[in-house]
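Subject: Structure handover

Hi,

Here is the structure I promised to pass on. Please open it next to this email and follow along.

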Amino acid sequence: MTGSTIVVGGGPAGVLLSYLLARGGVPVTLLESRGDVDRRFRGDTLAPPVLDYLDSLGMAEPLLAAVPHARAHAFRWHTPTRTYTLADYRWASRRFGYYAVIPQARFLPWLARRAEEHGARVLMGARFRALLRDGDGRVCGVEYTRGGAVEQLTADVVVATDGRSSKVRQVSRLVPTELGAHLDMLWCSVPRRPADPPLSGLDLFAAPGSTVVLLGQDDSWQVGYDIPAGTLPDVRARGVAPIVAAIRRAAPWLGDRLDGLTEVNQLTLLPVRITAVDRWTEPGLLLIGDAAHVISPVGGNGINYALADAAETANQLVGPLRATPVDPAHVDEALRRVEAVRRPPVDREQAFQVRVEEDSVRRLRAGDPSPGGFLRFVATIPGLSRWVGRQTRKIRIAEPVPAIRDRVSA
Ligand SMILES: Cc1cc2nc3c(=O)[nH]c(=O)nc-3n(C[C@H](O)[C@H](O)[C@H](O)COP(=O)(O)OP(=O)(O)OC[C@H]3O[C@@H](n4cnc5c(N)ncnc54)[C@H](O)[C@@H]3O)c2cc1C
């Protein structure tokens with residue numbers, strides 16, 4: 001009989017993995033602690049290679065047709081005196097030369113429905129609380145709560161996709177380390193109007209003492225404001241006025257749309273973290289996505305690395321889980337291969353982010369709002385921003401194996 005999988009956490013990594021395994025004919029149960037997918041201010045930016053990947057499954061066009069979204073063709077860094085185009089994505093893909101800005105609250109239900117159509121069991125309101133282990137200590141299932149009841153479920157493999165504070169990781173033998181945390185972000189959202197300036201969609205406004213980010217959603221602007229890590233209580237004590245003033249300086253055309261922002265508590269905090277885990281796997285268990293590696297929002301790629309992990313995991317697992325009988329040693333080898341393939345690009349991205357974060361913090365503290373060293377070089381050499389745009393390929397999302405690709409998209 002075909003082996004089964006439990007996926008813990010219905011974020012981008014968990015929902016895509018459930019979809020792919022179900023499409024590849026593997027029984028899968030997805031546990032999501034929340035009763036809904038109402039999540040704001042998450043990684044909403046699907047990169048060109050991820051859109052190419054969805055296209056190879058016949059899903060990009062249906063997604064883009066069904067789900068309202070915006071398209072960001074470049075990443076621009078604005079200072080009070082000039083604008084630098086740091087990445088131009090128009091040459092990053094033949095068909096999808098842009099980041100598709102799709103709120104997770106729309107993307108995930110769309111994908112979860114497709115997973116269910118292929119037979120995935122999606123349990124909303126199911127909160128993981130413990131790992132089950134067999135006599136050898138191998139993970140063989142989970143205990144979770146749902147509607148007040150405690151339930152147990154066994155499977156050939158458990159994949160943790162429960163995000164940056166992963167409860168699965170906490171109760172496993174895998175150990176996280178913080179690599180960098182100099183900044184926190186505060187987010188709010190204001191309506192987008194047809195007469196607003198046509199920004200690139202991914203715009204950073206740096207001025208001495210403040211950085212404001214504007215992310216263009218189809219019907220709103222997601223506005224980010226960065227503060228030194230851990231200083232929210234001081235920011236609260238100073239009040240919201242300096243933040244509103246910084247946003248007004250960056251985008252005066254927002255006008256009366258900021259009038260309703262009267263308290264710091266109306267802003268949503270995202271502690272920017274760069275977290276690595278010593279190993280992603282132990283027998284019967286794999287961590288992927290934010291559970292295995294938190295990536296800073298610099299570049300907006302947390303969601304893309306999580307989706308690339310899911311793609312690789314499905315590719316590696318579908319064969320061993322469809323074998324009869326399922327050999328746990330083969331499954332565990334597949335889990336180790338996922339880490340071997342995915343860890344190098346993740347490590348490189350995190351090392352890059354640590355450098356960018358440290359450099360940006362140093363420059364902003366020194367009152368210099370322009371992009372530093374390499375980034376400024378990119379902006380001043382014609383054509384280099386296209387090369388940077390094409391570097392989204394370093395996410396390294398694998399092509400689907402035939403067992404997944406050749407099943408008709410649901
Ligand atoms: C508040 C916030 C804001 C963010 N903003 C940005 C941004 O602006 N730009 C950017 O690039 N990235 C941002 N990110 C990061 C980005 O959203 C993540 O990198 C991406 O969503 C990772 O996907 P994932 O599937 O690994 O984990 P997640 O998206 O975190 O999904 C984890 C899922 O697991 C569920 N879960 C948690 N615990 C349990 C449990 N015990 N049992 C069952 N289910 C559980 C959660 O409800 C959630 O649905 C943000 C993240 C957060 C948390």
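By class, how many residues in the lining of the second largest pocket are nonpolar, polar and charged? The lining has nine nonpolar, five polar and three charged residues. Here Ala, Val, Leu, Ile, Met, Phe, Trp, Tyr, Cys and Pro count as nonpolar, Asp, Glu, Lys and Arg as charged, and the others, Gly among them, as polar.

Before the rest, two notes on how to read this. This is a predicted model, where local features need pLDDT of at least 70 and side-chain atom pairs count only at pLDDT 80 or more, while totals for chains, interfaces and linings use all residues. Residues are numbered from 1 along each chain as its sequence is written, and side-chain values use heavy atoms, with hydrogens and water left out.

**The pocket**

A pocket is found on a 1 Å grid over the protein atoms alone. It is an open set of points where a 1.4 Å probe fits, with protein on both sides within 12 Å along at least five of seven lines. Lining residues have an atom within 4 Å of a point. Grid points are joined across faces, edges and corners, and the volume is the space filled by probe spheres set on the points.

The second largest pocket holds about 350 Å³ of space. Its lining has 17 residues. Of these, G209, S210, D226, I227 and P228 lie nearest the centre. Two or more lining residues come from each of β16 (210-216), β17 (220-228), α6 (232-238), α7 (241-250) and α9 (328-365). β17 gives the most, with four. These labels are DSSP runs numbered from the N terminus: helices (H or I) have at least four residues, and strands (E) at least two.

**The cores**

A nonpolar core is a set of buried Ala, Val, Leu, Ile, Met, Phe, Trp, Tyr and Cys residues joined through side-chain atoms within 4.5 Å. Buried means under 20% relative accessible area, exposed means over 50%, and partly exposed lies in between (1.4 Å probe, protein chains only).

The largest nonpolar core has 92 residues. Which of its residues touch the most other members? They are L46, V142 and L317. Helix α8 (residues 302-322) gives the most to this core, with eleven residues. Leaving out residues up to four places away in sequence, L317 touches L21, V157, V159, V331, A334 and L335. A contact here means heavy atoms within 4.5 Å. There is also a second, separate core of 25 residues, which includes L186, Y225, V240 and L267. In soluble globular proteins, nonpolar side chains tend to be buried together.

Start with α1 (residues 12-23). This helix has twelve residues and reaches 16 Å from its first C-alpha to its last, close to the 16 Å expected at 1.5 Å a residue. The expected span is 1.5 Å times one less than the number of residues. Why is α1 largely enclosed by the rest of the structure? Because twelve of its twelve residues are buried. Among them are P12, Y19 and R23. G25 follows α1 and has a positive phi, near 85°.

Now take α4 (residues 104-117). It has 14 residues and spans 20 Å, close to the 20 Å expected. Its buried residues are Q104, F107, L108, W110, L111, A112, R114 and A115. They pack against α1, β3 (45-46), α3 (60-66), β8 (121-124) and α8. G119 follows α4, and its phi is positive, near 105°.

**Single residues to look up**

- P325 is in the loop between α8 and α9. The peptide bond from T324 to P325 is cis, with omega near -5°.
- V326 lies in the loop between α8 and α9. With a relative accessible area of 17%, V326 is buried.
- E349 is in helix α9. At 4% relative accessibility, E349 is buried. Not counting residues up to four places away in sequence, E349 touches I295, V298, Y305 and K394. E349 and Y305 are 44 residues apart in sequence, yet 9.5 Å apart in space, C-alpha to C-alpha.
- T380 is in helix α10 (residues 373-380). T380 is partly exposed, at 44% relative accessibility.
- R396 is in the loop between α11 (384-390) and α12 (402-405). R396 is not a glycine, but its phi is positive, about 60°. Is R396 buried or exposed? R396 is exposed, with a relative accessible area of 53%.

Best wishes
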